[in-house]
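Reader: Could you take me through this structure? I would like to ask questions as we go.

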Amino acid sequence: MQLSGKDVGRIAEKVALITGAASGIGRATALLFAREGAAVALADVNTDAGRRVADEIAQSGGRAFFEPVDVTRAADCQRLVERAIREFGRIDILFNNAGIIRRATVLDLSEDDWDRVMAVNVKSIYLLSREVIPHIQKAGGGTIINTASGWGLTGGAKAAVYCASKGAVVLLTKAMAIDHGPQKIRVNCICPGDTDTGMLREEARQLEEENRQFLAEAAKRPLGRVGTPEEIAQAALYLASDASSFVTGTALVVDGGGLAGSV
Amino acid sequence: MTGVLRMMRLENKVALITGGTSGIGEAVAELLAREGARVAIAGRNESRGHAVMARILQSGGKTIFLRTDVRKAAECQRAVDETLRSFGRLDILFNNAGVFFPHTALECSEEEWDLQIDINLKGTFLMSKYALGPMIAQGGGVIVNNSSGWGIVGGDKAVAYCASKGGVVLLTKAMAVDHGRQGIRVNCICPGDVDTPMLPEDARMRGLDWKTYLAGCENRPLGRIGTVDEIAKAVLFLASDDSSFMTGAALVVDGGGTAD
């Protein structure tokens, strides 16, 4: 299947900015967006892995650069956007995907961890969106996609700050959709269920649970398995492309039926 | 597409679409056929059904029309049987048939209540009931139900419609839970106002002039109503492997109408 030509890609000639792009869902989305014809600006705190993703895209004929970015710092966000404009000339798609998790009740959660999770998962969207929106407007419109979570719609055990942060992402998404719809900017979020990423294993570690047991629990949902990063990337592609041209302010649940009800 | 070969997204698939003779159903039939699916169009209006069929055949697609009233179990069963007889399998069921009468509980007649619940909700149950067996037997399939933004939030003068569409959202989730392990994904779409014949008909029944009515519909973040093609693309996403980890979801396609 040939999809690399710019005539056939579903987001051909678009420029996409992706945070948390060094691993997991961000990495899979970077590879998919590039395959579908977009030039991609990749941001992450993990420089080595981020560079490898950019190299991989360049080697298969795509256009990509990696910029080391801490999305909680306004100056970093600004630098990232300036470089994207310098190298690619425009921005059409922003995928706010950087995120971290702390598995703890409020009793066990330190104030530092609260601040850190809220900064990475929520404030980053504000910091980056305010830099990017004027450029998307200049491009004549575009889309912003935020990674929320199934736990942005319902609560989970020992995940107080994560739930609070992802609930905030869902409503920030809707608020931005209302504000920027008239400027032809669509804003949506994805609510993934448990997905086979480094974060899932990190959760098992934080909860001091055995990996295999934890993953077996995570698979307990109608489809009987956890998701792959590529499946979440396909949802991001739908929201990034013109296929979703009448979709804004929505939370797209991609969770193997986890929220549909108990099996 | 500019002359470059692109793989079709539903090659070798067979789709059955209710309410396929106009509006969203018609657009979905044409899009799925363009993406390589063989399409069975079920509907009550034979002349419109044949017109849609003729257009699909003309552009090289494979299709049949099945005169079907989704309120009747025997006709639903026959639609599934005929699809299997013609195309040998069934991969995608789009439960789309729907009707709308704008009334409060005080104004809604029992006949209108029954009509909306039976077509919009019971029809979805009946078609799914007969389609699931063959889908499970062949190792999997996809059901997409057409709900509505008014399956998630209430609307004025729409009691039976809201009840039926809210029912569709939760029927979707219940079926997703029951049949996920059998390889069946069940999702619904929740369109906002879309340029279908249902819209001017609603304006007429409400006694509103079209311009005033349309202005009300356009009052949403994207500032316009949707096109049937935009809804069809959402159905394609849910019908294709692009959504392979999605089940039990309600995909809202409404220009931001329910964001606030």
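Author: Lys184(A) sits in the loop that links helix 5 and strand 6 (185-192) of chain A. Please bear in mind that this is a predicted model.

Reader: What is the phi of Lys184(A)?

Author: Phi of Lys184(A) is positive, about 60°, although the residue is not a glycine.

Reader: Is Lys184(A) buried, exposed or partly exposed, and why?

Author: Lys184(A) counts as partly exposed because 17 C-beta neighbours lie inside 10 Å, and the partly exposed class falls between 12 or fewer for exposed and 20 or more for buried.

Reader: Where is Glu208(A), and what is its phi?

Author: Glu208(A) belongs to the loop between helix 6 (198-206) and helix 7 (211-218) of chain A. Its phi is near 55°, again a positive value in a residue other than glycine. Glu208(A) is exposed, since 7 other C-beta atoms lie within 10 Å.

Reader: Let us change topic. How do helix 1 and helix 8 of chain A pack?

Author: Helix 1 (residues 24-35) of chain A packs with helix 8 of chain A at an angle of about 55°, and their axes are 8 Å apart. The two helices are therefore oblique to each other. Helix 1 of chain A passes helix 8 of chain A in a right-handed crossing.

Reader: Which residues meet there?

Author: From helix 1 of chain A they include Ile25(A), Ala28(A), Leu32(A) and Phe33(A), and from helix 8 of chain A they include Ile232(A), Ala233(A), Ala236(A) and Leu237(A). By class, this contact has 10 nonpolar, two polar and two charged residues.

Reader: And how many residues does each chain give to the contact between chain A and chain B?

Author: Chain A gives 32 residues and chain B gives 32 residues. On the chain A side, helix 5 (160-180), helix 8 (229-240) and strand 7 (251-254) each supply at least two residues. That side divides into 17 nonpolar, 12 polar and three charged residues.

Reader: Which residues touch the most other members of the largest nonpolar core?

Author: They are Leu17(A), Ala30(A), Val40(A), Leu42(A), Leu32(B) and Val235(B), in a core of 156 residues. Setting aside neighbours within four places in sequence, Leu32(B) is in contact with Leu10(B), Ala15(B), Ala37(B), Val39(B), Leu236(B) and Ala239(B). Another core, of eight residues, lies apart from the largest one, and Phe100(B), Phe101(B), Val159(B) and Tyr161(B) are among its members.

Technical notes. Residues numbered from 1 in each chain as written. Chains lettered and ligands numbered in written order. Predicted model: local features only at pLDDT ≥ 70, side-chain atom pairs only at ≥ 80, totals over all residues. Contact = placed C-beta atoms within 7 Å. Helix = DSSP H or I, 4+ residues; strand = E, 2+ residues; numbered from the N terminus. Nonpolar A, V, L, I, M, F, W, Y, C, P; charged D, E, K, R; others polar. Axes fitted to C-alpha atoms, helices over the stretch in contact; angles between N-to-C directions. Parallel < 35°, antiparallel > 145°, perpendicular 65-115°, else oblique. Left-handed = near helix turned anticlockwise from the far one by under 90°. Core = buried A, V, L, I, M, F, W, Y, C linked by C-beta atoms within 7 Å.
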